[in-house]
Amino acid sequence: MSRLRFGVVGCGVIGGLHARVLSSYAPLAERARLVAVASPSPGRAHRLAEETGCEATDVDALIAHPDIDVISVCTPSGLHAELGLRALAAGKHVVVEKPIDVSARAADQLIDGARRAGRALAVISQRRFDPASRTLRSALDAGEFGTLTSGLVEVPLWRGQSYYDSGGWRGSRALDGGGALLNQGVHAVDLAQWLLGPVVEVAAHTALKGHSGIEVEDVVTASLRHASGALTSLLATTAAYPGRTTRLTVHGDRGSAVIDNDELTWFHAAGPGDDTSAYGAYGAGNQAAERRPPTPAEQRDASGLLPSPHGDQLVDFCDAVAEGRAPAVDGEEGRSALLTVLAVYEAARTGAVTQVPHTLGAKPAPSAPMTIPEPA
């Protein structure tokens, strides 16, 4: 397999992670090679290029670079589709960081552009590649949890005012698109949909409580209804000092699991002969230790993230290009997560239960008012 030659646009926190993974993640060594990085800030580009042993250039030159096959777009969210389309027009494959962009229209344009160009498009959703997530997905696919009933998503983070003040795009609707949910919580939304199935309807509230001078929310709560009928409760915030770990819980009528900070911390599935008719185990019987796959110890990147999930998603992308198939998380998958987030925002804005569309080009629409029956 010939190695794909990568260029990274954007040399901030997440662009730095992409560059370091491409230059040092062992499973990528025979599949990918980092050629160049680019940034509107020449100093940032040169520092990252020196760190990762590649070329530093500007954005226009990187997109036109004849020795680059794939461009990773790691810029503010509202520029993802614009830069992705430019890369596709130059004949490159494209990887974009989450979210795919900040509007359904931009996402549709990028997906259509990749289809017309005959190039691969992937959206980074690296939490699907965590060993804990894969273990849980395998159990769900095998029916070990029975009927899925509910989920709980908690993203209780802290970002100080200096975080939003550090760049003019942060907290803006045009380039950030949203706040705690679209910027920080979209990974958890994607993972919840991957595990529990697509979200079809939402009710929500948003607020700005711990910061000032930004156009987006720093707290969001939502109730999500999946196509299966399962319900998920969601909290995402950047105003929870000092910040705690992201946690996702999945419940079924024969099992439950918790993924906390990328680790499988709780798992219990009833055996074939187990009696589930009474009161359960009240927290006893944690099977997580025996379910965890053996994985080598891994240090977190300077970004605070584990390198291997990004690395494994890029391995899948390289394999997809070589095999002529769609990446595991393609543009449509990225669009699905975005539409769920946009439906949450629409529900919070209107106060109405809002449906999540699933057709290309559709927009979130409020549902008919909910009728609550009188008590019998």
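**Notebook: helix H8 and its surroundings**

I looked up the packing of helix H8 (residues 180–196) on helix H11 (residues 331–350): the angle is about 115° and the axes lie 9 Å apart. Axes here are lines fitted to C-alpha atoms, for helices over the stretch in contact, with angles from 0 to 180 degrees between N-to-C directions. Helices (H or I, at least four residues) and strands (E, at least two) are DSSP runs, numbered from the N terminus.

I noted the sources next. This is a predicted model, where local features need pLDDT of at least 70, side-chain atom pairs count only at pLDDT 80 or more, and totals for chains, interfaces and linings use all residues. Residues are numbered from 1 along each chain as its sequence is written, and side-chain values use heavy atoms, with hydrogens and water left out.

I then listed the contact (heavy atoms within 4.5 Å). H8 brings Leu181, Leu182, Val186, Val189, Asp190 and Gln193. H11 brings Glu333, Ser336, Ala337, Leu338, Thr340, Val341, Val344 and Tyr345.

I checked H8 for bends. A kink of about 65° is centred on Val186; the bend is the angle between axes fitted to the seven residues ending at a residue and the seven starting there. Val186 is also one of the H8 residues in contact with H11. Of the 17 residues of H8, 16 are buried (buried is under 20% relative accessible area, exposed over 50%, partly exposed in between; 1.4 Å probe, protein chains only). Just after H8, Gly197 has a positive phi of about 100°.

I went on to other backbone entries. Lys98 and Pro99 are joined by a cis peptide bond with omega about -20°. Pro99 sits in the loop between strand E5 (93–96) and helix H5 (104–117). Tyr241 to Pro242 is cis too, with omega near 0°. Pro242 is in the loop between strand E10 (231–237) and strand E11 (247–252).

Asn261, not a glycine, has phi of about 55°. Asn261 is partly exposed at 33% relative accessible area, whereas Asp262 counts as buried at 13%.

I looked at Ser308 in helix H10 (residues 307–323). Ser308 is buried at 14% relative accessibility. Neighbours within four places in sequence aside, Ser308 touches Tyr25 and Glu298.

I counted 11 helices and 15 strands. Of the 376 residues, 53% are buried.
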